[in-house]
Each structure stands twice: as structure tokens, then as C-alpha cells.
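Reader: I am new to this. Could you take one part and walk me through it closely?

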Amino acid sequence: MFSTVDGRFARHLHAFAVSPSLRIELEIPFELQEQAQSAVALPSDSRLRAFARELEPYAVTDFEAPDAIRIEVFTTRVDPGTLAPSGVLLRRLEVPLARP
Amino acid sequence: MRDLDPVGLAGRLTLADLALRPIGVGWLRPGLLALAVLGLVVPSLARRPGFWLALAALTALRVVSTWPLADNHAYLLAYWCLALAIAWREADPGPALAWSGRVLLGLVFALAVLWKAISPDYLDGRFFRATLVTDHRLASYAVLVGGLDNEDLLERREHLTRHRDGLSAEAPPPLEPARFRAAAWLATWGTIGVEALLALVFLWPTGRGLSRIRDPLLLAFCSVTYLFAPVSGFGWLLIALGVAQTDPESFRTRASYVVVFALVYLYREVPWALIGVG
């Protein structure tokens, strides 16, 4: 706390439904917001995998069925001189969707 | 008079912290609040180790249930409740609780310094240059000390929070006024300096040398810090720990801690530092 810009509120994630020809960003539903916060705070493989599983029911597209859900966690870094912010990828995980 | 001794007063301030700023989600919140109020209105209850063990368990459960999102002082609260439970197992809980309070304070500040020292974006000033703008709780410092006006603050905040993943923000950053840069450096080195000194004085052997400035230093730290950083729960907890380690004969010192406890409450309820911010 109060030691680095890389705090909880500097991080965010993106979730995508993906297949070889598809990449659609998923909106995180309200009921999963707390899990999303946990995922960005501690983006371990197991936590991201569990979050991807929770998102599976929402990975419905009008096009082809996606093969997997990709989770990307970013943090904000600021330039030491200009303070120009940039998003830096911290963790990426792709979780295959369970086949029916 | 028993409740004005270090142990009694530290316990009451801890319970007041819990009552004034309820914590926890779900059933934990009313549970913790009920225990805190019960301990305040039935002082004999707050002299039982089982009471503090129950609080330690609930505060620990709060950390576990919100894992990994709990603030650092949530952990400290659980440790402190456990320390109170352990101390009250003794016929004279004073020495044990004084030791716990002193060591916990020393470690809190030592670890705070360590985190800052190993964070590359702290020592080069980036942390406060960015956070003074992006954290609305520090807006009063940015305006009153840093000299930013509201328009500057909003413009800088908008720039720092607008970005694209993988790319830097395209628009050039607003120019940083020299006064703001100086205020950020003051916060950077002032904070780590004071915290390092606090760690040293609380871990210094009691009754000698630097240990003599423990109380005035902690009182000054809480009086100034929580004016600008309204994290009252943490401030109150540090005050309770400070009270526990006071000399049993130092009634005035404990009275000073109570005054600062009230001051932190005023800061929370009357954000006078924001008056100039608008």
C-alpha cells in the first residue's frame, strides 16, 4: 500500500471468446465483478482458469462457437520522465471451453 | 481508572474503531459490530481472552473471505485482536500487550519501508507524482501543497487514466508545475523517512535512546497523515497499538493519543482539507 502505482485500481482485465477465426471481447457481468477483481489482484493460473469457467455461459456469439476463453490481465505503468501511462500485459491465459 | 490504563484503553480504542467504522461483508459485519458494541458497554467482557479470540477469529475470517482483496490493515487488526487475546491470558496483561504493540508497530513501519524501497516507481518519485493526481483521497494535498487548481487536477487525472493496452497515451502529458513536482518529492522522501524512523524507534530497546521519541513521533505521524489520507480505520488501529505500549505512569501521553483518535475522527467527518479544493 502506498508504495507502487501497480495497485488494485491500476489493473484491469479483458476476456475474449476465441477460435481460429474469432476474437470477441466479453463484457464482464455484474455478478462476476468481484471475481474479476480477485483475478486482477492475484492473476494465478488457477484463479484465471476458474474465472474463465465462470464466464463460459456468457461466451455465446452470433457466429461460430468459440473454442476457448482468453483472459488478459493488464497493469498501468507510467513513464519515469513524462508520466505517460501505458498498459502492460501481466498475464495471459487461454482456457479451452468444455465440449458438451 | 482500570479502563484508562494502557491495556484497558487500548482495548476500548480498538472496539471504538470497529464500532465507528464497521467492517466485513454479509453476516460478519453485524457480528463484528455487535461484539464491538458489547465489549464497550460491558467492559468486563473485554477483559476476557475468549472475547478477543472471537474477534481475532472473525477478523481473520474477514481476510480469508475477501482473499486476496483485503487491505493490509485488515491483517494487522486480526493480529492485534490475537495479541489482545494472548495478553489477557496473563494475570497482568500489560507487559505482554506492550511488547506486542511495540513490535507490531515496528514491523508495520519496517515492512512499509521495505515495500517502498523495492518498488522502482516509488524511489524515483513516480508513485506520488501519479497517485496525488489519480487518488481522489489525496486531492487536498495535490491542491493545497502541490498548488494544482481543480482544472489542472482533472486534466492530469484524465491523462493518467486514459491509455491503451500496449501503447502509451498519444497526447502529450500536461506540463508538471515545479511546485507540484516538489510536493511529490516531499511526500516521497518525507513518508519513507518518517516511516523508517518510526520503525527504528519502535524496534529500539525500550527505555533507551531513540525509544524516548516513540510517542511524540507516532502522534505527529497520525495527526498529519490522516489529515490527507483519510484511512481512519488504520489510523485508529495504530493509535490503539501506540496506547498499549505507553508507560503505565504516562497518563498525559495516553490522553494525547485519545485526542489524536478524536482528531482522526474529525478529519473523517469534517473534510476541512477539501474546503480549498472545492
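Author: Helices and strands are DSSP runs, numbered from the N terminus. This is a predicted model.

Start with B:Ile118. This residue sits in the loop between α5 and α6 (120-123) of chain B. Is B:Ile118 buried or exposed? Exposed means over 50% relative accessible area. B:Ile118 has 54% relative accessibility, so the residue counts as exposed.

Together with B:Leu107, B:Leu111, B:Leu114, B:Trp115 and B:Leu203, B:Ile118 forms a nonpolar patch on the surface. The accessible area of these residues together is about 600 Å². Helix α5 (residues 94-117) of chain B gives the patch its largest share, 4 residues.

Now follow α5 to a pocket. The second largest pocket has a volume of about 420 Å³. Its lining takes two or more residues from each of α1 (6-20), α5 and α11 (214-228) of chain B. Here too α5(B) gives the largest share, with 5 residues. The lining counts 7 nonpolar, 6 polar and 7 charged residues.

Last, look at charged pairs in chain B. Side chains of opposite charge can pair when their charged atoms come close. B:Asp124 and B:Arg126 form a salt bridge, with their closest N and O atoms 2.7 Å apart. B:Asp124 is partly exposed, at 25% relative accessible area. B:Arg126 is buried, at 13%. A network of salt bridges links B:Arg129, B:Arg156, B:Glu176 and B:Arg181. Over all chains, the whole structure has 12 salt bridges.

Key:
Residues numbered from 1 in each chain as written. Chains lettered and ligands numbered in written order. Predicted model: local features only at pLDDT ≥ 70, side-chain atom pairs only at ≥ 80, totals over all residues. Heavy atoms only, no water. Patch = residues over 30% accessible without salt bridge, like charges linked within 9 Å, V, L, I, M, F, W, Y side chains within 5 Å. Areas by Shrake-Rupley, 256 points an atom, 1.4 Å probe, with all protein chains shown as cover. Salt bridge = Lys/Arg side-chain N within 4 Å of Asp/Glu carboxyl O. Buried < 20%, exposed > 50% of the residue type's maximum accessible area, 1.4 Å probe, protein only. 1 Å grid on protein atoms, 1.4 Å probe; cavity = no way out; pocket = protein on both sides within 12 Å on 5 of 7 lines; lining within 4 Å. Points joined across faces, edges and corners; volume = space filled by probe spheres on them. Nonpolar A, V, L, I, M, F, W, Y, C, P; charged D, E, K, R; others polar.
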